[in-house]
Amino acid sequence: MKKSILNFHEMKKRGEKITYITAYDFPMASFVEKAGIDMILVGDSAGMVVHGYSGTVPMTMDQMVAHAEDVRRGAPNTFVIGDLPFLSYQLSTENAIYNSGRFYKEASVDAVKLEGGRCLISQIKGIVDSGMSVMGHIGLTPQSSGQLGGFKAQGLTVETAMELLQDAAAVEKAGAFALLVEAVPPEVGKIITETVKIPVLGIGAGMYTDGQVLINGDILGMFEAFTPKFVKRYANVGEIIVKAFTEYAEDIRSGKFPEEKHCYRMLEGEHEKLQARLKKGPIQ
Ligand code: KIV
């Protein structure tokens, strides 16, 4: 059964961990649902792991909605979150409401996610007041990684940890139902998790958050550009795919594929009739 925001709040209270992963297309979403994972993020990380950009900034609202539609079809009974891409919410509260609404209307998502803390209070309130649900995202925020000096851990000093706590409190107060915290030390992840009442989902934020999220290409070994420290790899699907493609190409070259069992057959007697017809003369 699809979990709701209320279920996630109860899970936090009971200390039951929330499971969360990214997906961008129909087949992967259906595998996530079969595995019984609680939440899917249609992340703008698609920019890197699906489209091959060096960051998430190039992703557009049209691309994100198309990914979310595919994921929704693959996982009709899983809580799906659409990730608002760069410039789809920063311009104004109207901009944020409109693009969140696109995710809801066109892809039937259950919530949206945006990156930032205190600077986004008005946008979060606006989206929530329009009847939609929002997950915040603080710490390492990939859309502004240039400003942060790259894909770097955050909250390493008292001052920056205090800023993160202020951001977390502001996001909660504005009405977000949950918060994603990326790339902070475990002790900072723990304090944030204990400070806010909403569920905190961590990615590289240690073991004390209410749940964990990872990018599917990272855990499956399908993204080779780089692997962050916080990733645990559970399979090497990339290697399996390359092996299968290599064998396929070898089979074609050597004539091992296709075999008899892969072929269609003409109806009984039709082949003989065709040969006789061809003997009668040139094809008209
Ligand atoms: O886009 C994304 O995949 C993210 C990750 C940090 C989970 O936001």
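## Burial and overall form

Buried means under 20% relative accessible area, exposed means over 50%, and partly exposed lies in between (1.4 Å probe, protein chains only). By that cut-off, buried residues make up 45% of the 284 residues in the protein chain.

This is a predicted model: local features need pLDDT of at least 70, side-chain atom pairs count only at pLDDT 80 or more, and totals for chains, interfaces and linings use all residues. Residues are numbered from 1 along each chain as its sequence is written, and side-chain values use heavy atoms, without hydrogens or water.

The C-alpha trace spans about 90 × 40 × 35 Å along its principal axes. The chain holds eleven helices and eight strands. These are DSSP runs, numbered from the N terminus: helices are H or I, at least four residues, and strands are E, at least two.

## A nonpolar surface patch

Val-57, Phe-86, Leu-87 and Leu-91 form a nonpolar patch on the surface. Together they have about 360 Å² of accessible area, by the Shrake-Rupley method with a 1.4 Å probe, where only the protein chains shown count as cover for residues. Leu-91 lies in the loop between β3 (79-83) and α5 (93-107). Its relative accessible area is 62%, so Leu-91 is exposed.

## Phe-151

Phe-151 sits in the loop between β5 (134-139) and α7 (158-174). Phe-151 is partly exposed because its relative accessible area is 39%.

Leaving aside residues up to four places away in sequence, Phe-151 touches Met-48, Ser-54, Leu-140, Pro-142 and Ser-145. Contact means heavy atoms within 4.5 Å. Ala-170 is 19 residues from Phe-151 in sequence and 24 Å from Phe-151 in space, C-alpha to C-alpha.

Note on methods
Patches are made of residues with over 30% relative accessible area and no salt bridge: like charges are joined within 9 Å, nonpolar side chains (Val, Leu, Ile, Met, Phe, Trp, Tyr) within 5 Å. A salt bridge is a side-chain nitrogen of Lys or Arg within 4 Å of a carboxyl oxygen of Asp or Glu.
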